Amino acid sequence: MILKACFHPAALPPRKAGKEKIRDQERSKESENKQLARRAVKKETEISNGTLVTAFFLSGIPHAPALDTMLFVIFLVIYILTVLGNFLILMVIRVDSHLHTPMYCFLTNLSFIDMWFSTVTVPKMLMTLVSPEGGAISFYSCVAQLYSFHFLGSTECFLYTVMSYDRYLAISYPLRYSSLMSGRVCALLAAGTWLTGCLHSAVQTSLIFHLPYCGPNQIQHYFCDAPPILKLACADTAAIEMVIFVNIGVVASGCFMLIVLSYVSIVCSILRIRTSDGRHRAFQTCASHCIVVLCFFVPCVFIYLRPDSRDAVDGVVAVFYTVLTPLLNPVVYTLRNKEVKKALLKLKDKATFSQSQ
């Protein structure tokens, strides 16, 4: 009994009992700290994987609420005309064998791109105008929209450059044009534009969505684009913004400089043409391309190559190259192109003849 009493905790001196109590408290505190650390690691893992934000909300075009219905009707009509106009160009070039040339091969690619370039952004914009809930977009849908937008946009940028090179060869070397721009070369150039556009967009998308998104999810735009999305990242975006700025800057400025060089050479070649009719035809062929190129590149440079981005201004300017330029292409290339107008009249006559029978 005396031995048991000696080893009983109650029989320990008060000083030793206090030490045991402190150790127990330290152990419990350690376990709590470990649990908190595990939660922090889990949270960091979730943030790094971008799983905390499961959806975004697109604010749409900056406008007064009273204009919702009017803007919806305007953009719906523009979208329908864009799709029908570009589809008509595809069908006319497909049907008319006289248009199976490199120039119209590139125009076919351009019309196909414009159909989908408009489809990537405009339907979602129309949904934001119809109802307040229409701006909701899931995380992965936002990834897909941004990738598709930059893929089609950069492919169109490269295609404009190839088209200017094609016009340069046609006007500067008319006798050697068929050998310089053969069917094989044309196919390789067209495929190259799609491949480089795919790689360019993959770099952009992977850099942007590699960042953590754990806070606000309101995108101040009518579609998922790089500048407004980067503002929502809960990490330092300075380095990635610089990489994206250089990436877009090299592509846009490089393509634009090549186009300018092509057209300077074209103008020099045109001025050497002796007949006024030949000069007029050459200028008319290139003028349509120049109009479309300016409408595409000027808004792009304004949005992506400025040091300070303003959401309201960017949203309005973006309408020019996402909504109006895809509509402008079929209008310019049909109204200013005699060969396409002739092909359209032939197609119309065939349709009238088949209906009469």
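User: Is R167 buried or exposed?
Analyst: In this predicted model, R167 is buried, with a relative accessible area of 12%, where buried means under 20% relative accessible area, exposed over 50% and partly exposed in between, using a 1.4 Å probe and protein chains only. Residues are numbered from 1 along each chain as its sequence is written, and side-chain values use heavy atoms, leaving out hydrogens and water. Local features need pLDDT of at least 70 and side-chain atom pairs count only at pLDDT 80 or more, while totals for chains, interfaces and linings use all residues.

User: Which side chain does R167 meet in a salt bridge?
Analyst: The partner is D166, at 2.9 Å from N to O, a salt bridge being a side-chain nitrogen of Lys or Arg within 4 Å of a carboxyl oxygen of Asp or Glu. D166 also counts as buried, at 1% relative accessibility.

User: And how many salt bridges in the whole structure?
Analyst: The search of the whole structure finds 1.

User: Switching topic, how much of the chain is buried?
Analyst: Of its 357 residues, 40% count as buried.

User: What share of the contacts joins residues 24 or more positions apart?
Analyst: Such residues account for 79% of the contacts in the chain with a separation of 6 or more, with contact meaning heavy atoms within 4.5 Å.
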